[in-house]
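Open the model in your viewer and keep the sequence panel beside it. The tour goes from one selection to the next and says what is at each stop.

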Amino acid sequence: MQSHGGYIELLPALPRSWSAGHVRGLCARGGFVVDMEWRENRLVAACIEAKVDAVCRLRTAQAVVVLCGDELAAVERNERGIMAFAARGGSAYAIQPR
């Protein structure tokens, strides 16, 4: 995970030898904590917990949906493929591949 450049990027440079795995509790800039799991070098699921109210900007190599509970989060995507959604402090957002 990387969180410089104003956005969180999931699995930006995963070594081929780490084709499957998971991480928990990675602290990202902007007040976010990230958990994620991958298999065959592809994202299986991720969770982003917001510690504060903030706009979460996210980039992934795969198309994903963002859920807060059972609700789809309102996500905007810019021309660079960066998604943005309003995150509420104390809430968790599930990131799932389409």
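In which loop is Leu 11 found? Select Leu 11: the residue sits in the loop between β1 (8-9) and β2 (21-28). Strands here are DSSP runs of E with at least two residues, and helices are runs of H or I with at least four, both numbered from the N terminus.

Before going on, note that this is a predicted model, in which local features need pLDDT of at least 70, side-chain atom pairs count only at pLDDT 80 or more, and totals for chains, interfaces and linings use all residues. Residues are numbered from 1 along each chain as its sequence is written, and side-chain values use heavy atoms, with hydrogens and water left out.

**Stay on Leu 11.** Its phi is near 55°, a positive value in a residue other than glycine. Most residues other than glycine have a negative phi. Leu 11 has a relative accessible area of 19%, so the residue counts as buried. Buried means under 20% relative accessible area, exposed over 50%, and partly exposed in between, with a 1.4 Å probe and protein chains only.

**Next, select Asn 41.** This residue lies in the loop between β3 (32-39) and β4 (42-50). Asn 41 also has a positive phi, about 60°, although it is not a glycine. Its relative accessible area is 34%, and Asn 41 is therefore partly exposed.

**Zoom out to the whole chain.** Colour by secondary structure: there are 0 helices and 10 strands. The chain has 98 residues and a radius of gyration of 13 Å, which agrees with the value near 13 Å for a compact globule of that length. That radius is taken over C-alpha atoms, and the globule rule is 2.2 Å times the number of residues to the power 0.38. Along its principal axes the C-alpha trace spans about 35 × 30 × 30 Å. Of the 98 residues, 33% count as buried.

Contact means heavy atoms within 4.5 Å. Among contacts in the chain with a separation of 6 or more, 53% are between residues 24 or more positions apart.

**Select Ile 95.** Find strand β10 (residues 92-97), which holds Ile 95. With a relative accessible area of 0%, Ile 95 is buried. Leaving aside neighbours within four places in sequence, its contacts include Leu 10, Leu 43, Ala 45, Ile 48, Leu 58 and Val 64. For a distance to draw, take Ile 95 to Ser 19: the C-alpha atoms are 19 Å apart in space, and the residues are 76 apart in sequence.

**Move along that contact to Val 64.** Val 64 lies in strand β6 (residues 64-68) and is buried, with a relative accessible area of 3%. Outside four places in sequence, Val 64 is in contact with Leu 43, Met 83, Ile 95, Gln 96, Pro 97 and Arg 98. Its C-alpha atom is separated by 18 Å from that of Phe 32, 32 residues apart along the chain.

**Last, show the aromatic rings.** How many aromatic pairs are there? The count comes to 1. The rings of Phe 85 and Tyr 93 have their centres 5.0 Å apart and their planes at 50°, so the pair is tilted. Rings of Phe, Tyr and Trp (its six-membered ring) pair if their centres lie within 6.5 Å; planes under 30 degrees apart count as stacked, over 60 as edge-to-face and the rest as tilted. Phe 85 is buried at 2% relative accessibility, and Tyr 93 is buried at 4%.
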